[in-house]
Amino acid sequence: MKMQVSTKVSWVGKIDWEIKKFHGEEYSTHHGSTYNSYLIEDEKTALVDTVWLPYAKEFVANLRSVITLERIDYIIMNHGEQDHSGALPELMRHIPDVPIYCTANAVKSLRGQYHQDWNFQIVKTGDRLSLGKTELTFVEVPMLHWPDSMICYLSGEEILFSNDAFGQHYAAQSLFNDAVDPAVLASEGLKYYANILTPFSRFVTQKIEALGALNLSIRTICPSHGVIWRDDPMQIVNKYLRWAADYQENQITILYDTMWEGTRLMAEAIAVGIKEADPVVTVKLLNTARRDKNDIITEVFRSKGILVGSSTINKGILSSVAAIMEEIKGLAFKQKKAAAFGTYGWSGEGPKILGRLLAEAGFAVMEGELRSLWNPDEQAITVCREFGRRFAEYSR
Ligand code: FEO
């Protein structure tokens with residue numbers, strides 16, 4: 001399969017309709033994904049990135065059906081992660097001497113993963129590679145999202161090959177942003193940023209500003225996952241600038257797990273209190289044991305404040321809450337408020353532990369965790385509603 005992107009550029013990647021979890025079990029792909037590889041055919045021919053290992057043979061066979069492999073002059077590896085480099089060993093079996101253009105860090109990651117001494121050509125920001133009438137310019141983008149990450153720009157066609165940046169895990173038969181469901185595209189793009197790029201937001205801003213300073217005319221953005229941005233490509237760049245600026249909506253999210261329903265009753269009463277104090281704010285409740293963790297993270301990303309609740313168990317917190325707190329800490333959210341709550345039967349450490357974890361994760365934690373002994377009675381429910389009202393004011 002080959003899909004024409006522009007006069008000289010075609011897509012030769014893999015649409016993965018089946019994948020349900022990406023990064024091992026780390027990322028839920030409700031709408032599948034794609035591994036985008038691009039072929040540039042000018043006086044010289046260059047291949048930009050490959051696909052994930054399970055599709056290596058399929059990828060090479062498909063590539064063979066569109067071009068004689070020996071005609072490939074250059075391989076550009078924008079990033080060494082296996083979803084883009086997995087088919088490289090299979091491809092290099094056929095064309096072992098073709099130079100691979102990548103960053104110095106990509107040489108380390110590719111050697112570390114495949115233990116092959118291929119013909120690496122290290123490039124730095126500003127280096128160029130002429131393909132004839134067009135020319136590739138390389139720009140290193142370390143920590144977006146690996147130290148080895150790079151993007152490149154093709155003059156003449158005015159295409160930015162952005163690798164992971166500006167992608168989404170979204171399988172579609174026609175891979176153009178104006179040809180897919182806009183609601184799915186919007187939600188998958190947001191989820192992708194929230195779950196993968198949040199910790200690197202400072203670099204996102206810096207690199208987009210540096211790219212802007214190059215004054216490149218960008219007609220199309222070709223990421224390595226999901227749709228190609230050909231209709232108003234700068235829309236996703238502008239969204240990234242907004243998301244990178246400690247993004248939040250007028251939303252408060254309540255995360256909880258509950259053993260015998262008491263903490264759920266507290267969560268629901270707190271939600272009522274929040275709405276009493278602020279009828280306009282969006283309030284969402286998510287049971288951490290029952291909801292997809294990446295969807296939870298996306299809701300945290302959108303929120304100006306979160307409340308986290310757990311029953312106390314064995315002087316600690318429930319495991320699903322502990323797991324999501326580990327995720328939240330790693331993503332290093334900024335400028336968000338938080339509070340903790342939960343039920344207990346005797347020792348009652350849970351909410352205090354949660355308050356500490358939230359503070360360690362960088363949240364501004366409202367003073368005074370809320371605990372409720374056994375199942376909340378009418379009086380305790382009233383206290384929960386007051387707690388919700390207080391948090392709504394705290395989060396304004
Ligand atoms: Fe899509 Fe960082 O790999």
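The aromatic pairs come first: the structure, a predicted model, holds 16 of them. Rings of Phe, Tyr and Trp (its six-membered ring) pair if their centres lie within 6.5 Å, with planes under 30 degrees apart counted as stacked, over 60 as edge-to-face and the rest as tilted. W118 and F120 form an edge-to-face pair, with 6.2 Å centre to centre and 65° between the planes. Both W118 and F120 are buried, where buried means under 20% relative accessible area, exposed over 50% and partly exposed in between, with a 1.4 Å probe and protein chains only.

The pair of Y240 and W243 is tilted, because the ring centres are 5.7 Å apart and the planes stand at 45°. Y240 and W243 are 3 residues apart in helix α7, so about one helical turn separates them. Both Y240 and W243 are buried as well. Y240 and W243 also belong to one aromatic cluster, together with F166, Y193, Y247 and F301.

Before I continue, a word on conventions. Residues are numbered from 1 along each chain as its sequence is written, and side-chain values use heavy atoms, with hydrogens and water left out. Since this is a predicted model, local features need pLDDT of at least 70 and side-chain atom pairs count only at pLDDT 80 or more, while totals for chains, interfaces and linings use all residues.

Two charges over rings deserve mention. A charge sits over a ring if NZ of Lys or CZ of Arg is within 6 Å of the ring centre and within 35 degrees of the ring normal. K337 lies over the face of Y394, at 4.9 Å from the ring centre. The charged end of R371 sits over the ring of Y344, 4.4 Å from its centre.

On a 1 Å grid over the protein atoms alone, a pocket is an open set of points with protein on both sides within 12 Å along at least five of seven lines, a cavity is a set where a 1.4 Å probe fits but cannot get out, and lining residues have an atom within 4 Å of a point. Grid points are joined across faces, edges and corners, and a volume is the space filled by probe spheres set on the points.

The largest pocket holds about 330 Å³. Of its 17 lining residues, M259, T312, Y344, G345 and W346 are the closest to the centre.

Where does the second largest pocket lie? Domain 1 (3–244) and domain 2 (251–390) both give residues to its lining, so this pocket lies between them; the domain bounds come from an automatic or database domain assignment. Its volume is about 260 Å³. A186, S187, L190, T298 and R302 are nearest the centre, among 15 lining residues. α5 (182–197), α7 (234–244) and α9 (293–302) each give two or more residues to this lining; helices (H or I, at least four residues) and strands (E, at least two) are DSSP runs, numbered from the N terminus.

Finally, the cavities. The search of the whole structure finds 2 cavities of 30 Å³ or more. The largest cavity contains about 140 Å³ of space. F166, a member of the aromatic cluster, is one of the residues nearest the centre of the largest cavity. α6 gives the most to this lining, with 4 residues. The second largest cavity has about 40 Å³ of space, and its lining includes H23, H145, H169 and H225.
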